[in-house]
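Hi everyone, thanks for coming.

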Amino acid sequence: ACMSAHNAYLQSLGLETLPLRLDIACANTLKLAEFLKKAKQVRSVNYPGLKGSPFYKIAREQFGEKPGAVLTFNLGSKKECFKFLNNLKLIRRATNLQDNRSLVLHPASTIFCEYDDKLKQEMGVPETLIRLAVGIEDYRDLIADIKQAL
């Protein structure tokens with residue numbers, strides 16, 4: 001397959017700033033995970049960059065200090081999840097990953113919607129799960145948005 005000259009140019013521009021964007025997105029994700037872990041409305045947080053994560057050691061071995069920019073967390077109910085999503089102002093709802101903007105979704109009703117509840121549970125996708133792909137916005141703005149949405 002061929003790539004147009006314009007698309008190749010855009011691709012090269014993106015590659016020039018990739019390390020900077022990755023550094024910020026990973027640092028933001030750790031800060032958000034630490035914030036969510038302390039939030040009373042949040043039941044659990046899954047991010048391999050957290051020291052208490054069962055995946056912390058392997059993430060450090062494989063990715064060093066940059067274990068990714070995606071985390072998941074559980075709220076108390078599906079209703080709380082949708083209320084949270086509807087209250088967000090800065091973070092957008094979308095299925096993309098690794099955008100410059102932070103994106104959130106409810107996996108059970110979007111990317112896993114075709115599976116029955118039993119299979120979703122077996123796959124670790126309960127109705128209470130939120131997935132957050134963290135971007136490069138100021139982490140304080142992201143925390144403020146999450147705080148007001150909770």
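Helices here are DSSP runs of H or I with at least four residues, numbered from the N terminus.

This is a predicted model, where local features need pLDDT of at least 70 and side-chain atom pairs count only at pLDDT 80 or more, while totals for chains, interfaces and linings use all residues. Residues are numbered from 1 along each chain, and side-chain values use heavy atoms, without hydrogens and water.

So, how does H3 pass H5? In a right-handed crossing. Contact, meaning heavy atoms within 4.5 Å, is made by Lys83, Phe84 and Asn87 of H3 with Asp145, Ile146, Gln148 and Ala149 of H5. Helix H3 covers residues 78-87 and helix H5 residues 139-149; their axes lie 8 Å apart at an angle of about 130°. Axes are lines fitted to C-alpha atoms over the stretch in contact, and angles run from 0 to 180 degrees between N-to-C directions.

Next, helix H1, residues 5-38: its axis comes within 10 Å of that of H5, crossing at roughly 30°. That makes H1 roughly parallel to H5 (angles under 35 degrees; over 145 is roughly antiparallel, 65 to 115 roughly perpendicular, the rest oblique). The H1 and H5 crossing is right-handed. Among the residues in this contact are Leu32 and Phe35 of H1 and Leu142 and Ile146 of H5.

Technical notes:
Helix = DSSP H or I, 4+ residues; strand = E, 2+ residues; numbered from the N terminus. Left-handed = near helix turned anticlockwise from the far one by under 90°.
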